[in-house]
Amino acid sequence: MIRKHIEVVAAVLKNENKFLAVQRGFSKLDYISHKWEFPGGKVEAGETLVAAIIRELSEELKITVTDPKFLLTIEHSYPDFDITMHCFVIELPNRTVELTEHINSLWLSKEELIKVDWASADIPAVEKILTTF
C-alpha cells in the first residue's frame, strides 16, 4: 500500500519577540487532535510555496502577508501519512489575527514555545526558532 504524502506550508509568525501558535480542533486522529501548530496548510497543484503560504494565512487568519522568508523544510511520518512541511518566517506589524479554522491562539516568547503540546511535525521548527532567534 502506498502511504499518503502531503506537501504543506507553515508560517512562523513573529511580532517583536513573540511567535504565534494556533491550536487545532478535535480530530479523529488523536495524534493531531487539539495539538498546537504553526498556521498553514496544503500546497495546491501548480502553486508556489510562497503563494501557498500567502493564501493559507489569508484563509486561516484573515491577514495579508508579504515577503515570507524560508526557514526550513521538515520531513515527518505520522502513523497514517507522510508530510513535507516548508516553514517560512514572517514578521507581522501587529498581533491581530482572526481564527477561522483553529480553536485557540497564543503569542509566545521563545522560552514559552517549549511549554505547549505541539503537533510532532512542528517540533523541528520550534527547535530551529530556539537556535535562530
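Predicted model: local features only at pLDDT ≥ 70, side-chain atom pairs only at ≥ 80, totals over all residues.
Guide: Helices (H or I, at least four residues) and strands (E, at least two) are DSSP runs, numbered from the N terminus.

Visitor: Which elements each supply at least two residues of the lining of the largest pocket, and which gives the largest share?

Guide: The largest pocket has a volume of about 590 Å³, and of the 30 residues that line this pocket, the closest to its centre are Ile6, Val8, Arg24, Ile32 and Glu37. At least two lining residues each come from strand 1, strand 4, helix 1 and strand 6. The largest share, five residues, is supplied by strand 1.

Visitor: How many residues in the lining of the largest pocket are charged?

Guide: Sorted by class, the lining has 14 nonpolar residues and five polar ones. The remaining class in that lining, the charged residues, numbers eleven.

Visitor: What distance does helix 1 reach from its first C-alpha to its last?

Guide: Helix 1 covers residues 49-61, which makes 13 residues. At 1.5 Å a residue, a span of 18 Å is expected, and the helix comes close to this, with a reach of 18 Å.

Visitor: Which strands do the buried residues of helix 1 pack against?

Guide: The buried residues of this helix are Ala52, Ile53, Arg55, Glu56, Leu57, Glu60 and Leu61. Their packing partners are strand 1 (4-15), strand 2 (18-23), strand 4 (40-42) and strand 6 (81-91).

Visitor: Is aspartate 82 buried or exposed?

Guide: Aspartate 82 lies in strand 6, and its relative accessibility is 18%. Because the cut-off for a buried residue is under 20%, aspartate 82 counts as buried.

Visitor: Which residue has a side chain joined to that of aspartate 82 by a polar contact?

Guide: Leaving aside residues up to four places away in sequence, aspartate 82 touches Arg3, Lys4, His5, Ile6, His76 and Ser77. A polar contact of 2.9 Å joins the side chain of aspartate 82 to that of arginine 3.

Visitor: Why does threonine 96 count as exposed?

Guide: Threonine 96 is found in the loop between strand 6 and strand 7 (104-109). Exposed means over 50% relative accessible area, so threonine 96 counts as exposed because its relative accessibility is 59%.

Visitor: What is the C-alpha to C-alpha distance between threonine 96 and lysine 62?

Guide: Lysine 62 follows helix 1 and has a positive phi, near 55°. In sequence, threonine 96 and lysine 62 are 34 residues apart, while in space their C-alpha atoms are separated by 9.2 Å.

Note on methods
Residues numbered from 1 in each chain as written. Heavy atoms only, no water. Expected span 1.5 Å × (residues − 1). Buried < 20%, exposed > 50% of the residue type's maximum accessible area, 1.4 Å probe, protein only. Contact = heavy atoms within 4.5 Å. Polar contact = N/O pair within 3.5 Å; in protein donor to acceptor, adjacent residues only side chain to side chain. 1 Å grid on protein atoms, 1.4 Å probe; cavity = no way out; pocket = protein on both sides within 12 Å on 5 of 7 lines; lining within 4 Å. Points joined across faces, edges and corners; volume = space filled by probe spheres on them. Nonpolar A, V, L, I, M, F, W, Y, C, P; charged D, E, K, R; others polar.
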